[in-house]
Amino acid sequence: MIAAANGRIVYAGPAADAPSTLDARRRTDCDGRWITPGLIDCHTHLIYGGNRAQEFEQRLAGASYEEISRGGGGIVSTVKATRRASVEQLVATALPRLDTLIAEGVTTLEIKSGYGLDLDTERRQLQAARQLGSERAVSIRTSFLGAHTVPPGMKGRSGAYIDAVCNTMLPQIAAEGLADAVDAFCEGIAFSIDETTQLFAKAQALGLPVRLHADQLSNLGGAALAARFGALSADHLEYADDAGIAAMGRASTIAVVLPGAFYFIREKQLPPIEAMRRHGVGIALATDSNPGTSPMTSLLLAMNMGATLFRLTVGECIAAVTREAARALGLFAETGSLDAGKYCDLAIWDIERPAELVYRMGFNPLHARIWHGAPKGT
C-alpha cells in the first residue's frame, strides 16, 4: 500500500501496518500490478534542431565520421539547425520525444544544452527545457553543456573557447537560474583535463554541481577528475581505468552508462562494470537521447541493452533508472524510491515479475503513471 498527501508519500508498506489515521479521499486499486518508482532518464540531449538521419544513411554506405564532418555534417550540422530555431520551435520538436519517454513511465529527466555553443542559443535550449516542464507533468533538471565541442570558426582554439564559457556564458546562465548543473565533454576530440578543470572550478565558485562526459573514447583520466570535484556523475566511462573507478567510489560519484550510444556507434570497449561493482560505485542507465549517437527515446530499451550488452542484472537495471538515476541528478532525497517524504512519483506495470521490464524489447507494459501523487498521462 502507498499513501500520498500533497504530492508526497506518507506511507509505503503492508496495508495491515498502515497508520489508522490514514483516510483516503481517492483510492486506486492496482489489482495486483507491480509498482516501481517513476522512471528517471538522467542523461539526455532532448533539445535540438533538425536530425541526422541522412548521416546515418551515409555511414551505412561506408562514409566515415571524418568524411561526414568535412562535408558539413556531424555536430556542426546540429549546431547550425539549433541556432536557427526559436524557443517555441525547440519545444515543439522536443515534445514528441518527451511524450514517448513519459508514455513508458518516466516522471523525471535531465536535459542538456550543448548544441548552441554560443550564449544566445545555449540560453534558448535551456529555456526550452524549462518550458517542457510546464507543458507536461514531469520534473525536468537542466545541465549547461556549453563545453560540448569547439564551435565552428574556433577550431584549434579550445582554450579561448573555454575562457568564453567560463567568463561570459556560464556566469550569465547561472545568474538567470537556467542550469541545475554544469557538464562537459572531456575527450581528445573535445576538451582537455586542464580545460575541464578550469570550467569545473568556475562552476563550483558559482555554486553549481558538475557532471562529466568521461572516458568514452579514450582514457584521459576523466573519471578521476569527476571524483576530484565531487561530481554528481561521470557518464559513458568505456575507457575508465580501475584507479578512476575507485576514486568515483570514494567520492560517491555515480557511473551513468549509456548503451544506446555504445550500440549506435558500434563501440567495442565495454564500460568496466565489474570494477564499478567492486568499488561500490552506483550504476545508472539513461537513453543519452541525441541526434548523432543515440537517437533513442526508450528507457525500457536502454534497460534491455544494459543487461544484454553490459551484463547488468535485472535488479541493477531497475535500480539504474530509479534510485541510482536520482542520485546522478542529486535528487535522491526527493525521488527514486518508495519512501515516506519523497514525491509520489510511480509507475504501475502490467507484469508478472520485474524481469519483464528488462526482458522485453519494443513492448510497453505501463498501466498508469503517477506524478506528484496524481495520475498523469502525457
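Predicted model: local features only at pLDDT ≥ 70, side-chain atom pairs only at ≥ 80, totals over all residues.
**Overall form.** I counted 15 helices and 14 strands in the chain. I then checked the radius of gyration, which is 20 Å; this agrees with a compact globule, because 378 residues would give one near 21 Å. The C-alpha trace spans about 65 × 45 × 45 Å along its principal axes.

**Surface and interior.** I found that 54% of the 378 residues are buried. The chain exposes about 15700 Å², and carbon and sulfur atoms supply 51% of that area.

**Charges.** I listed 36 positive and 40 negative side chains, with the centres of the two sets 2 Å apart. Side chains of opposite charge can pair when their charged atoms come close. I found 21 salt bridges in the structure.

**R136 and D99.** Their closest N and O atoms are 2.7 Å apart. R136 sits in the loop between helix 5 and strand 6, D99 sits in helix 4, and the two are 37 residues apart. Both are buried.

**K112 and E110.** This salt bridge has its closest N and O atoms 2.6 Å apart. I traced both into a network of salt bridges with D183, R211 and D235.

**R277 and E316.** I read 2.8 Å from N to O for this salt bridge. It links helix 11, which holds R277, to helix 13, which holds E316. R277 is partly exposed at 31% relative accessible area, and E316 is partly exposed at 22%.

Methods. Residues numbered from 1 in each chain as written. Heavy atoms only, no water. Helix = DSSP H or I, 4+ residues; strand = E, 2+ residues; numbered from the N terminus. Rg over C-alpha atoms; globule rule 2.2 N^0.38 Å. Buried < 20%, exposed > 50% of the residue type's maximum accessible area, 1.4 Å probe, protein only. Areas by Shrake-Rupley, 256 points an atom, 1.4 Å probe, with all protein chains shown as cover. Lys, Arg positive; Asp, Glu negative; His and termini not counted. Charge placed at Lys NZ, Arg CZ, Asp CG, Glu CD. Salt bridge = Lys/Arg side-chain N within 4 Å of Asp/Glu carboxyl O.
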